[in-house]
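Please go through this structure with me, one question at a time.

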Amino acid sequence: MSVWTMILIALVAIAVAAWVGRFVGRRATGNAPRFRDMPYAVAFGYAFVLALLVWAVWYYLQPAVTEAGAPVAGVTFFRWAVHALIVFAIAAFLFRLLGRHVGTSATRKLFRHMPLTAAFGVLVILVYAILAIFAPLIAPYGQAVVFDQVNALPGGNPATGGNPAHPLGTDQIGRDLLSRLIYGAQNTVGIAFVTTLLAFVLGGSLGFLAAVLRGWFDQLMSRAVDVLMAIPSLIFALLLMTIASAWATQSWMLTVYMVFIIAVIDSTRVFRLSRAVGMNIVVMDYIEAAKLRGEGLGYLIFREILPNAYAPLLAEFGLRFCFVFLTIASLSFLGVGIQPPLADWGTMVRDLAQFINFAAFSPLTAALPIMAAGAIALLTVAVNFVVDWMLHRSSGLKE
Amino acid sequence: MTDTTARPVLLQMRDIRIEGRSDETWTPIINGVDLTLHKGEVLGLIGESGAGKSTLGLAAMGFTRDGVRISGGSITFDGIDLVNASAEQKRQLLGKRIAYVAQSAAASFNPAHKLIDQHAEAPVAHGTATRAEAEEDGIELYRKLRLPNPDEIGFRYPHQVSGGQLQRAMVAMAMSCRPDLIIFDEPTTALDVTTQIEVLAAIRHIVAEFDTAAIYITHDLAVVAQMADRIKVLLRGDEVEESDTRSMLEQPQEDYTKSLWAVREFQRPDKPPPAVDATPVISVQGITAAYGKIDVLHDVSFDIHAGRTVAVVGESGSGKSTAARVITGLLPPRVGQVELDGETLPLDYRKRSKDQLRQVQMIYQMADTALNPRKTIGEIIGRPVQFYMGLRGRRKRDRVAELLDQIELPPETYLDRLPSELSGGQKQRIGIARALAAEPRFIICDEVTSALDQLVAEGILRLLARLQDELGLSYMFITHDLATVRSIADEVVVMKDGRVVEQGPKPEMFRPPHHPYTDLLLSSVPEMDPDWLTNLLKERGVDDIGDASADKI
């Protein structure tokens, strides 16, 4: 029986279960509106999710090691993922509980209405921020210190190829991975933050200015932005970085160039957004009232328009931050981003990437590149959770 | 209007209670209202905003908005229990036997589809007619509702027809399945008086022809007097009283109802005419202004003298607001000039001095968009105080408090609030305070009361009148509501298609003979007489209302 037949049978079974489930629900609750008005598609959805959960539990309980002693990679990774999910959920729950009872009345109120996903996002961002700011104090070693043992596996257990001195292992030239991950937060996240901020100052103020002034200024800026946006951003960044590397005499200068290049490229998106948002605000009567009062451009933009554009701009900031962050990681992965010996997650993924080939035989080895990649993924997800929550809140305020 | 109470009951609501969710608690919106509607009967629901009229109207369809629930009572429509009906049962009823006409047809039509497509959707979905039959019937209904070009108008998109026509198309759409009950939720509130008449006449005609029962929700008493067999008055979710239209108009029982009826009686004493040689505060001289290449104002001239109110009236598109934009300098005119105290003002506001800008202030129609939603009341009023008078710190705070006192809002409660925490009338008062903060000589009031309930609007008018007497302000009062003109104006300027049709002191303007257009405007204002519309239609001839008569001028 092929996999496809099995999937088909499973789907049919789910479809039947959904119908029966809804029917039983109606009978058992005496036609409560919840079951009475439930469309079949919704019932199918419930049944599908239920089936998925059952499968997940079954798969989780499969042996992680074959009788011959070889690890089963799929089950091992699945267990790790489930454990991580549970730990994160509990951490987020505890964090929200803490937030509800500690702090000023305003923050307590904030946490009371916060969904778990947003609490998780805030927690992750806080942890990353603390790691980034206090990296030299927290990291056990420096980011460029080289040790004797290369390619120590994570886990710190000598029996499985680890080293207690390096709980997350070492890379090919013997640098401690835990330290490099922590320093990586400082470099990657810090630079991404500065870059995004710069992109917003640049794109935001020009966008609002274009919305207020209109006319030739708007035309000029918008067409220039169109031209910049027409070039694929990663390739454009690579091109500019190659040019910049000719001028950079020291490696830190290349980083500064990179910040500027990515900021300019990303500011085009911010320009578009802030111009569109600004246009909607500029037509309001209170802007007309301010103009007729004789207010200057600065007051109009920063005191009248900006406060009303916070919600979309903040949401965009979160997303843009992720994109910038991924762009930096990609550039580093390609070798033109953050330069060694500075630790950076993108570079770490690149350097350790070939270990992913060992996933089938040794999950621990494959975990080496996954840790850095996971650090990127986690922050991206966390930022998006927070952004979703803020968007939801701001749209809720409008009602 | 025959006696309909003898006929079988169509809709029965018993002790209906509705709650809305805000800040995680359920707060009552309707506290136990009874409602009985017989077949073919029209019931008027009136009350201020927030009285729960719309909520009750929607509940009559067994429907509640998001975050609102029916917490008690029963709704029976023709023997069907709507509170406990399944979604499937309601789907069979709504659109087919119960229809709904919303306040803003422009916002309710899907702009991406033609009118007739939207019209035919319900009959086809309910299986009452085939697509071709539904279209044919739609054209027939358009003809009955006296829409121009009934054969073609259905094949236009919503943005291609005027507001009044769209509203009638929506009535036709509600009629498409010949429902037993239609809920009209303020269908004419957003329309001009002249268009309002057409829609009112059309609705009344078609409701009578198809013997449809209707619930007519409005805050305009004169309108409801024309439409309803019986009137029910609501106040904050409670029923105040209910009786048939004539006895309600002639002898209202409750104090609240009497106060609603009395609103239109506010009238200022006539002022002596200004001295012949007096310099007007604002003098508009021979203005011709254009948007792009098309002239929208043609040779408009009028004077506004100190301490007087000039009402500028006309239907939408007549150039009232454009005239205001010319005076403020937002739209520099092509020809003509504007004088302030005998001095020519620069045409563009950017070229005016701070002091010239200060002298001319504006109050807007929509207080929601006129106040920055992210600034506190203190900041909104404080800014012009600081900007023009240069006051800071303590003295600025004192001045803001003084201004809040002037608009009858206690400063300590309101200083730190955001506009979203105020009611519509309070927001409008803040708009007035912001204009006053500049200590101007002249204020443009652009439809300041048209978005407000009558009681609240009257409060605003009284406030404006008091401020005028105290501070010697001059007002240019843009409005399409002639009742407002009657109560506040000293002089009237009637505009049509960008031209001044007639102008003069108020008593003269309200005394015949009029310019035909003034006459049309005046006669179109609904009166509190249930026979008014009938008589008017008789007088004008059935086919001679609204558009038709306007074209003859």
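**Questions and answers on the model**

B:S22 is found in strand 1 (residues 9-22) of chain B, where helices (H or I, at least four residues) and strands (E, at least two) are DSSP runs numbered from the N terminus. This is a predicted model, in which local features need pLDDT of at least 70, side-chain atom pairs count only at pLDDT 80 or more, and totals for chains, interfaces and linings use all residues. Residues are numbered from 1 along each chain as its sequence is written, chains are lettered from A and ligands numbered from 1 in the order in which they are written, and side-chain values use heavy atoms, with hydrogens and water left out.

Reader: Is B:S22 buried or exposed, or in between?
Author: Buried means under 20% relative accessible area, exposed over 50%, and partly exposed in between (1.4 Å probe, protein chains only). B:S22 has a relative accessible area of 38%, so B:S22 is partly exposed.

Reader: How far apart in space are B:S22 and B:G67?
Author: In sequence, B:S22 and B:G67 are 45 residues apart. From C-alpha to C-alpha, the distance in space is 8.0 Å.

Reader: Which residues is B:Q196 in contact with, leaving aside its neighbours within four places in sequence?
Author: B:Q196 sits in helix 8 (residues 193-209) of chain B. With a relative accessible area of 7%, B:Q196 is buried. Contact means heavy atoms within 4.5 Å. On that rule the partners of B:Q196 are B:T188, B:L191, B:V223 and B:P526.

Reader: How many helices does chain A have, and how many strands?
Author: The C-alpha trace of chain A spans about 80 × 70 × 50 Å along its principal axes. Of its 399 residues, 40% count as buried. Chain A has 15 helices and zero strands.

Reader: What share of the accessible surface of chain A belongs to carbon and sulfur atoms?
Author: Accessible areas come from the Shrake-Rupley method with a 1.4 Å probe, and for residues only the protein chains shown count as cover. The accessible surface of chain A comes to about 20900 Å². The share of carbon and sulfur atoms is 74%.

Reader: How many residues of helix 12 of chain A are buried?
Author: Helix 12 of chain A runs over residues 285-293 and is mostly covered. Its buried residues include A:D285, A:L292 and A:R293. Just after helix 12, A:G294 takes a positive phi of about 95°. The number of buried residues in helix 12 is eight of nine.

Reader: How many salt bridges does the rule find across the interface of chain A and chain B?
Author: A salt bridge is a side-chain nitrogen of Lys or Arg within 4 Å of a carboxyl oxygen of Asp or Glu. The side chains of B:R325 and A:E288 meet in a salt bridge (3.7 Å, N to O). Over all chains, the whole structure has 42 salt bridges. Across the interface of chain A and chain B the number is three.

Reader: Why are B:D355 and B:R358 separated by about one helical turn?
Author: The side chains of B:D355 and B:R358 meet in a salt bridge (3.0 Å, N to O). B:D355 counts as partly exposed at 42% relative accessibility, whereas B:R358 counts as buried at 16%. The separation is about one turn because B:D355 and B:R358 are three residues apart in helix 13 (residues 354-359) of chain B.
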